[in-house]
Amino acid sequence: MAPGVRLIQKVSSTRAFARIAPHVVPVMDRTVHRLTRGKVLLSSRMLPGLILTVPGARSGQLRTTPLACMPEVGAEQSWILVGSNFGRTGHPAWTANLLAGPDKAVVNWQGRDIPVHATLLEGAERDEVWRAALKFWPPYATYQERIDREIRLFRLRRRGGS
């Protein structure tokens, strides 16, 4: 574990972080990502990250959101997204966008745009991935304890031909 990660995990589990981070972290990530032409995502210095672009569920306008992810490497590249919303009460908007357009999403991963298909994980598959997510980033447990909703988990897989 990199130096400082435990401190960041502790800080990211606080309610103050949940209030402030959603307004600061994505703005910084989008700005640095744009300035470096997709080569740098600041938050990925702590956790792997990608940029998700998907049409808005109601507006249809493209929405771009920097997100932490759990890369899965196997026969094909896939990513797990955790809709924690920093432990705030509502589901993050990007989760509704993925539910409305699971085949309309594109991720920017390490500077490359990749069309993906999003699947909401449920049942035993969700339980298994949730356990892995808690090992990957323990503050997710604190986020879940603070809220009544079940945190949504998505698996994003590369769409054919890419």
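This is a predicted model: local features need pLDDT of at least 70, side-chain atom pairs count only at pLDDT 80 or more; totals for chains, interfaces and linings use all residues.
Strand 4 and strand 7 run antiparallel to each other and are joined over 6 bridges. If strand pairing is new to you, here is the background: strands of a sheet pair through backbone hydrogen bonds, and the pairing can be parallel or antiparallel.

How many strands does the open sheet have, and in what order? There are 7 strands, in the order 2-1-5-6-7-4-3, and the pairing is antiparallel. At the edges you will find strand 2 (62-68) and strand 3 (70-72); each has a single partner strand, so one side of each has no neighbour in the sheet. From one strand to the next, the twist averages 30°.

Let's look at the middle of that order. Strand 5 and strand 6 are antiparallel, with 5 bridges joining them, and W109 has R112 in strand 6 as its bridge partner. What packs on the sheet? Helix 3 does, and it touches strand 1, strand 2, strand 4, strand 5, strand 6 and strand 7. The direction of helix 3 makes about 50° with that of strand 7. Moving along, strand 6 and strand 7 are also joined by 5 bridges and run antiparallel. If you want to find one spot there, look for T119, which stands opposite R155 in strand 7.

Next, a residue in strand 4, namely S78. Is S78 buried or exposed? Its relative accessible area is 5%, and because buried means under 20%, S78 counts as buried. Leaving out residues up to four places away in sequence, S78 touches M70, P71, E72, R155, L156 and R157.

One of those names, L156, takes us to the inside of the protein. As a general point, nonpolar side chains in soluble globular proteins tend to be buried together. Here, the largest nonpolar core has 17 residues, and L50, L52, W79, L81, L98, V107 and L156 have the most contacts inside it. Which elements supply at least two residues each to this core? They are strand 1 (49-55), strand 4 (78-83), helix 3 (93-100), strand 5 (105-109), strand 6 (112-120) and strand 7 (152-158). There is also a second, separate core of 14 residues, which includes L47, I80, L121 and I147.

Finally, the two helices. Helix 4 (residues 123-136) packs against helix 5 at an angle of about 120°, and their axes are 7 Å apart. That angle makes helix 4 oblique to helix 5. Who meets whom? On the helix 4 side we have R126, W130, A133 and L134, and on the helix 5 side Y140, A141 and Q144. Sorted by type, the residues of this contact are 5 nonpolar, 1 polar and 1 charged.

Let me end with Q144, which lies in helix 5 (residues 139-146). Setting aside neighbours within four places in sequence, Q144 is in contact with R126, W130, R149, E150 and I151. And how far is Q144 from G87? In sequence they are 57 residues apart, while in space their C-alpha atoms are 6.4 Å apart.

How values were computed: Residues are numbered from 1 along each chain as its sequence is written. Side-chain values use heavy atoms; hydrogens and water are left out. Helices (H or I, at least four residues) and strands (E, at least two) are DSSP runs, numbered from the N terminus. Contact means heavy atoms within 4.5 Å. A nonpolar core is a set of buried Ala, Val, Leu, Ile, Met, Phe, Trp, Tyr and Cys residues joined through side-chain atoms within 4.5 Å. Buried means under 20% relative accessible area, exposed over 50%, partly exposed in between (1.4 Å probe, protein chains only). Axes are lines fitted to C-alpha atoms, for helices over the stretch in contact, and angles run from 0 to 180 degrees between N-to-C directions. Angles under 35 degrees count as roughly parallel, over 145 as roughly antiparallel, 65 to 115 as roughly perpendicular and the rest as oblique. Ala, Val, Leu, Ile, Met, Phe, Trp, Tyr, Cys and Pro count as nonpolar, Asp, Glu, Lys and Arg as charged, and the others, Gly among them, as polar. Two strands pair if DSSP finds at least two bridges between them.
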